[in-house]
Amino acid sequence: MGSSSDWDIMKHAVAVLEEFGIAHEVRVVSAHRMPHDMVEYGASATERGLRGIIAGAGGAAHLPGMMAALTPVPVFGVPVPSRYLRGEDSLLSIVQMPKGVPVATFAIGEAGAANAALHLVACVATTDDALREKLVAYRAKQTDAARAMVVPV
């Protein structure tokens, strides 16, 4: 994440990764305040065995795009709500990547963080049968919960 203030949103991605038993690391890597650290992190992602990077940032939100520029590892961008523009600025910054430098961009806020993690789980599950079974069970549980919903009268 670009700042420790992004944790309230990004903790939802971490919760999903933990639920599925996906090894992960949580770091603040600011594109603007620590650019050399960001370059080192992105450039070493492949060698460190990362299978995906969930990058959350607000405002100018350059972290996801810069990660995508630095590594072939898939990047999942989470727009973090900003104080003045509710995260719309973050969303537009992340989603407007030039051709050839993709970032899978998700919804603003908590749902986007959780969905970014679920998308990463789905990608990893293409080569992991046990993880795929967990994901299928997770989705079945969601379906059951939706079917059990009652409309208030």
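Thr71 is buried in this predicted model, with a relative accessible area of 8%. The residue belongs to the loop that joins α3, which spans residues 63-70, to β2. From this position the side chain of Thr71 reaches the backbone nitrogen of Val73, at a distance of 3.1 Å. When neighbours within four places in sequence are set aside, the contacts of Thr71 are Gly42, Ala45, Thr46 and Ile53.

Ser30 is placed in the loop between α1 and α2, the latter comprising residues 35-43. With a relative accessible area of 5%, Ser30 is buried, because the limit for that class is under 20%. Two backbone nitrogens are reached by the side chain of Ser30: that of His32 at 3.3 Å and that of Arg33 at 2.9 Å. Apart from neighbours within four places in sequence, Ser30 is in contact with Gly2, Pro35 and Met38.

Helix α1, which covers residues 7-19, contains Val14. The relative accessibility of Val14 is 11%, and this residue therefore counts as buried. Once residues up to four places away in sequence are excluded, Val14 touches Trp7, His24 and Val26. Between Val14 and Pro98 the C-alpha to C-alpha distance is 28 Å, and the two residues are separated by 84 residues in sequence.

The largest nonpolar core consists of 24 residues, of which Phe20 and Ile54 touch the most other members. Two or more residues of this core are supplied by each of the elements α1, β2 (75-80), α5 (110-125) and α6 (129-147). The greatest contribution comes from α5, which gives eight residues. For Phe20, with residues up to four places away in sequence not counted, the residues touched are Leu118, Val121, Leu131, Lys134, Leu135 and Tyr138. Another core, of 16 residues, lies apart from the largest one, and its members include Ala61, Leu63, Ile94 and Val103.

The structure holds four salt bridges. One of them joins Asp8 to Lys11, with the closest N and O atoms 3.8 Å apart. Both Asp8 and Lys11 lie in helix α1, where a spacing of three residues places them about one turn of the helix apart. Lys11 has a relative accessibility of 34% and so counts as partly exposed.

The side chains of Arg132 and Asp129 meet in a salt bridge with an N to O distance of 2.1 Å. Arg132 is partly exposed, its relative accessible area being 34%.

A further salt bridge links Arg86 with Glu88, the closest N and O atoms lying 2.2 Å apart. Arg86 counts as exposed, at 57% relative accessibility, whereas Glu88, at 38%, counts as partly exposed.

How values were computed
Residues are numbered from 1 along each chain as its sequence is written. This is a predicted model: local features need pLDDT of at least 70, side-chain atom pairs count only at pLDDT 80 or more; totals for chains, interfaces and linings use all residues. Side-chain values use heavy atoms; hydrogens and water are left out. Helices (H or I, at least four residues) and strands (E, at least two) are DSSP runs, numbered from the N terminus. Buried means under 20% relative accessible area, exposed over 50%, partly exposed in between (1.4 Å probe, protein chains only). Contact means heavy atoms within 4.5 Å. A polar contact is a pair of N or O atoms within 3.5 Å; within protein, one must be able to donate a hydrogen and the other to accept it, and residues adjacent in sequence count only if both atoms are side-chain atoms. A nonpolar core is a set of buried Ala, Val, Leu, Ile, Met, Phe, Trp, Tyr and Cys residues joined through side-chain atoms within 4.5 Å.
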